[in-house]
Amino acid sequence: MARASGCSVATVSRVLAGTRPVGAETARRVREAAESLGYRPNHAARALRGRSTGTVGLVLPQITNPFYPALVRELTHALHAEGRAVLLADCDDDPAAEAEYIGDLLGRQVDALLVIPAHEERSRDAVASAAARVPLVLMDRGCGPGIADSVAVDNTAGMALVLDHLAATGRRRVCFLGAAGTASAAAERRAAYAAGSAALDPGAPERVFLGDFSVEWGRAAVDRVWDARPDALVCANDLIAIGALQRLQQLGADVPGEIAVTGFDDIPMAALSAPGITTVRQPVAELAAEAARLLGRRLSGGEDGPQRAIRLAPELVVRESTSLVP
């Protein structure tokens with residue numbers, strides 16, 4: 001394979017093992033040579049020879065949330081490009097199950113972990129313990145400072161985009177439909193609404209209704225707020241927004257003429273709803289690429305400094321649920 005790629009044996013070994021950074025062109029030549037020769041790595045043998053298994057554990061809070069399959073897809077592609085496979089675990093929003101899955105993945109000798117914590121406080125001990133053993137990157141949500149590298153969308157900036165858009169379209173009697181608990185994404189979006197909505201109406205920061213990140217809560221929340229006749233519902237994610245929109249249609253409300261609805265995440269169903277839902281798009285591909293890059297630097301020994309917290313810029317996607325889009 002070294003002869004076919006025009007590289008040294010040592011360089012071929014580094015590319016196939018993924019142990020050290022190699023130039024993109026060199027890596028491409030080695031992988032093309034490996035493909036033409038029908039080479040397939042024996043990960044079990046590699047694990048016996050050294051400490052690398054070529055696997056990364058990924059722990060999610062709930063795979064049924066449509067945002068996460070899109071993220072898993074991008075992560076799988078990004079890590080596969082680096083010669084790494086993904087072992088997936090879904091803890092169903094249970095920190096105790098999450099701790100068990102993390103322990104199980106460590107027992108399988110994964111090289112690193114990607115974790116979207118189920119709970120900011122109750123997930124902390126298991127995540128911190130794992131981060132002391134293998135490179136670990138937190139995604140989408142946090143567990144407090146100083147535990148591990150992290151990458152997430154800037155939730156505060158995303159909520160500011162929503163509120164600015166609603167103000168520009170003349171909305172004032174806004175309400176926030178969010179999720180209770182301490183998951184950092186939920187808390188950040190809730191806090192950003194409270195901080196920014198007073199510019200629309202002094203009473204808006206108090207109009208906060210909390211349930212969970214579900215369609216069912218979105219439907220139920222509308223019944224709680226409808227007597228107050230808000231002119232906009234700011235939802236903490238798209239599932240809540242979809243449920244709210246469904247219930248508003250059952251009540252005969254005119255969306256967006258009488259009331260606007262916004263979401264967060266830009267899952268596929270947000271565009272497919274009638275009307276389409278204005279939402280904050282998370283840069284999923286960039287999120288996955290940054291997480292893979294952070295892991296790669298730790299695994300290669302190129303990053304031994306303090307933890308890094310990366311926040312990515314969101315994008316507002318305006319659809320018919322807030323204004324008549326041509």
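How many bridges join strand β4 (residues 136-139) to β5? I looked this up and found three, with the two strands running parallel.

**Ground rules**

I am working from a predicted model, in which local features need pLDDT of at least 70, side-chain atom pairs count only at pLDDT 80 or more, and totals for chains, interfaces and linings use all residues. I number residues from 1 along each chain as its sequence is written, and side-chain values use heavy atoms, with hydrogens and water left out. I take helices (H or I, at least four residues) and strands (E, at least two) as DSSP runs, numbered from the N terminus. I call two strands paired if DSSP finds at least two bridges between them.

**Entry: the six-stranded sheet**

I followed β4 and β5 into their sheet. It is open, has six strands in the order β2-β1-β3-β4-β5-β11, and pairs in parallel. β2 (85-90) and β11 stand at the edges, each with a single partner strand, so one side of each has no neighbour in the sheet. From one strand to the next, the twist averages 20°. For axes I use lines fitted to C-alpha atoms, for helices over the stretch in contact; angles run from 0 to 180 degrees between N-to-C directions.

I then checked single bridge partners. M139 is paired with V151 in β5. Strand β5 (residues 149-153) is joined to β11 by four bridges, and these two strands run parallel. There, V153 has L312 of β11 as its bridge partner.

Which residues of β11 lie on its covered face, and which on the uncovered one? In this strand (residues 309-312), I310 and L312 are on the covered face. A309 and R311 are on the uncovered face.

**Entry: helices on the six-stranded sheet**

I count contact as heavy atoms within 4.5 Å. Helix α13 (residues 284-300) lies across β1, β3, β4, β5 and β11. It runs at about 170° to β5. Helix α6 lies across β1 (55-60), β2 and β3 (112-115), at about 175° to β1.

I stopped at A97, which sits in α6 (residues 95-107). Is A97 buried or exposed? It is buried, with a relative accessible area of 18%. My scale is under 20% for buried, over 50% for exposed and partly exposed in between, with a 1.4 Å probe and protein chains only. A97 and A118 are 21 residues apart in sequence, and their C-alpha atoms are 9.6 Å apart in space.

**Entry: the four-stranded sheet**

I moved on to an open sheet of four strands, ordered β7-β6-β8-β9 and paired in parallel. Its edges are β7 (208-211) and β9 (260-262); each has a single partner strand, so one side of each is left without a neighbour in the sheet. The twist here averages 20° from one strand to the next.

Strand β8 (residues 232-235) pairs with β9 in the parallel sense over three bridges. V234 stands opposite T262 in β9.

Two helices lie across strands of this sheet. Helix α8 (residues 155-168) lies across β6 (174-179), β8 and β9, at about 170° to β8. Helix α9 (residues 184-196) lies across β6, β7 and β8, at about 165° to β6.

**Entry: the cavity**

I searched on a 1 Å grid over the protein atoms alone; a cavity is a set of points where a 1.4 Å probe fits but cannot get out, and lining residues have an atom within 4 Å of a point. Grid points are joined across faces, edges and corners, and a volume is the space filled by probe spheres set on the points.

How many cavities of 30 Å³ or more did I find? I found one. The largest cavity has a volume of about 90 Å³. Its lining includes N65, D140, R141, F213, N237, D265 and Q282. α5 (67-80) and α9 each supply at least two lining residues. I sorted the lining into four nonpolar, three polar and four charged residues.

I noted a cis peptide bond between V255 and P256, with omega about 15°. P256 lies in the loop between α11 (238-250) and β9. Another cis peptide bond joins A274 and P275, with omega about 0°. P275 is in the loop between α12 (268-272) and β10 (279-281).

I also checked phi. Q109 is not a glycine, yet has a positive phi of about 60°. It lies in the loop between α6 and β3. D266, also not a glycine, has a positive phi of about 65°. D266 sits in the loop between β9 and α12, and is buried at 17% relative accessible area.

Terms used. 1 Å grid on protein atoms, 1.4 Å probe; cavity = no way out; pocket = protein on both sides within 12 Å on 5 of 7 lines; lining within 4 Å. Nonpolar A, V, L, I, M, F, W, Y, C, P; charged D, E, K, R; others polar.
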